[in-house]
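Student: Please take a close look at one part of this model. I would like to know how its pieces are put together, one after another.

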Amino acid sequence: MIELLTETAIQEPQRIRGLEMPWNRVMGSTEAPARAARALGPWHPQEFMAECVETVPEAGGLMTFVFRRCDGAPLAFRAGQYVNVAFPVNGEDQDPVDRSYSLSSSPTEPWTFNISVKRDATGLVSPWVHENVKPGTVLEMLGPVGAFHLPDADRRARYLLLAAGAGITPIMSMVRTIHSLPGHADVVVLYHGAEAGGFAFHKELAYIASVDSRIKVFYSLGDRNKPEGWEGLSGRLTAAMLDEVAPDANGRQVYACGPEGYLNTATDLLGKVGVDDTSIYMEFFSGDRQTLLEYQAELALAVDIAEEIAEEIADSAEDYYEGQPTAFGLYEPGYDADGPLKATGLPLEAMDPNSPDSGDSDGGSAAEAEAVSPDASSFDTVGTGSLTLSFMRTGINVRIDPTEHILGPAQRAGVRIGANCKEGMCGSCKVVKLSGEVEMNHQGGIRAREIDAGKFLPCCSTARTDMVIDA
């Protein structure tokens, strides 16, 4: 006798507040067991060989290629970053052709990693990749690279993820990562495609949305005719569409990826619905000359870092992480007069089911965010100097001298700010000042509109007044 399954009311899971990446807490630990975790090194690009172990056809002309590193190490990265791959499209005896592809897998499963490549019949590389990369193919790679990624820790974790076409690949990495982690989050995905059967990962997205109440997924066919039976949205991105899927967009961090035209439109519309520039992060899958030059500079810097790291490992693998150059010591424990500073991960605070941030709230305005902001007067204070920098996400006050660049004292105090060049060129240390004034001497690593929106580069900035910083 077959017993029918009946649907019963199930209570929402009880969760801790916010999201925290699995490496965040242990990377700040001063205990010896953290040394093995530090070896994952998700902060530093490396050059490595990787073997294809699986290919998975996707809708919309994409193919997912699953790789593992030939040296057996995991590929540690942040959700949203990319790798640069050397493809021997002209033969093994010719120079390879480099292309960058976003990682579509989750960094919480680092022993294999995925890139998803859309075939362009007129392209040089993607047809070759689809036809020639098979299980057993070994390719040279550089990564991880890129400042477009989820934060290591976010107490509120309210996101609007926008994707068009192949721009779904880094967004898929973010969705997979959030789904794999414990903690409260509120995620809306809006995915634009060209045809009803062309949405890559649609089965997995539907499954995740069906079992994870934190994640909602919407589809739109752009300006194509709506076929019979289509239940999704239709039309290009508009302010009305944003209001429909995320009426509280102004209380969310927005991550958007797709063609240049789509992202330019998104930038304008997000401003119209009240989203501040400081809450918008974008990855261009095609762009103007300036964008391409920025990516070239980012990759060139990654090569330099990878080479320096390789030299360090060759000199002494055992002492490598203890003896990193200062430029790469981003997440080593900080010290003050009393000794090592303890880890600064998110507190293990249970969510109150009745709080405004719990469940599927329609709230989340900027006013709510301000209402739950911690009081800097309760933070521990470290360092000496005449000015005070209050780091709101980390929960610490740092005293600083007006002549010091902000990045160094902040990192020594345990504030997690990524940085590569430390000369104002790459933009990887970009953060938001909530109040206060800085003097910044950058070398092109930040745009005028970002400065107007309150962002600055702490590597090349000195404080002119006391400051409150979103880091």
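## Strand pairing

Tutor: Leu62 stands opposite Lys118 in β6. Before going on, note that this is a predicted model, in which local features need pLDDT of at least 70 and side-chain atom pairs count only at pLDDT 80 or more, while totals for chains, interfaces and linings use all residues. Residues are numbered from 1 along each chain as its sequence is written, and side-chain values use heavy atoms, with hydrogens and water left out.

β3 and β6 pair in the antiparallel sense over six bridges. Strands (E, at least two residues) and helices (H or I, at least four) are DSSP runs, numbered from the N terminus, and two strands pair if DSSP finds at least two bridges between them. β3, residues 62-69, is also joined to β2 by seven bridges, again antiparallel. Pro57 has Met63 of β3 as its bridge partner. The hairpin of β2 and β3 has four residues between the strands, and Gly60 takes a positive phi near 75° there.

β2 (residues 46-57) is also joined to β7 (residues 138-145), by six bridges, and these two run antiparallel. Phe48 stands opposite Met141 in β7.

These pairs belong to an open, antiparallel sheet of six strands, in the order β5-β4-β7-β2-β3-β6. At its edges are β5 (97-102) and β6 (113-118), each pairing on one side only. Neighbouring strands here are turned by 40° against each other on average, direction ignored; axes are lines fitted to C-alpha atoms, for helices over the stretch in contact, and angles run from 0 to 180 degrees between N-to-C directions.

For comparison, five strands form an open sheet with parallel pairing, in the order β11-β10-β9-β12-β13. Because β11 (215-220) and β13 (280-284) each have a single partner strand, one side of each is left without a neighbour in the sheet. β9 (residues 158-164) pairs with β12 (residues 253-258) over five bridges, in the parallel sense, and Leu161 has Tyr255 of β12 as its bridge partner.

α4 packs on this sheet, touching β9, β10 (186-192), β11 and β12, with its direction at about 150° to that of β9; contact means heavy atoms within 4.5 Å. In α4, 11 of 13 residues are buried, meaning under 20% relative accessible area (1.4 Å probe, protein chains only).

Definitions and conventions:
Buried means under 20% relative accessible area, exposed over 50%, partly exposed in between (1.4 Å probe, protein chains only).
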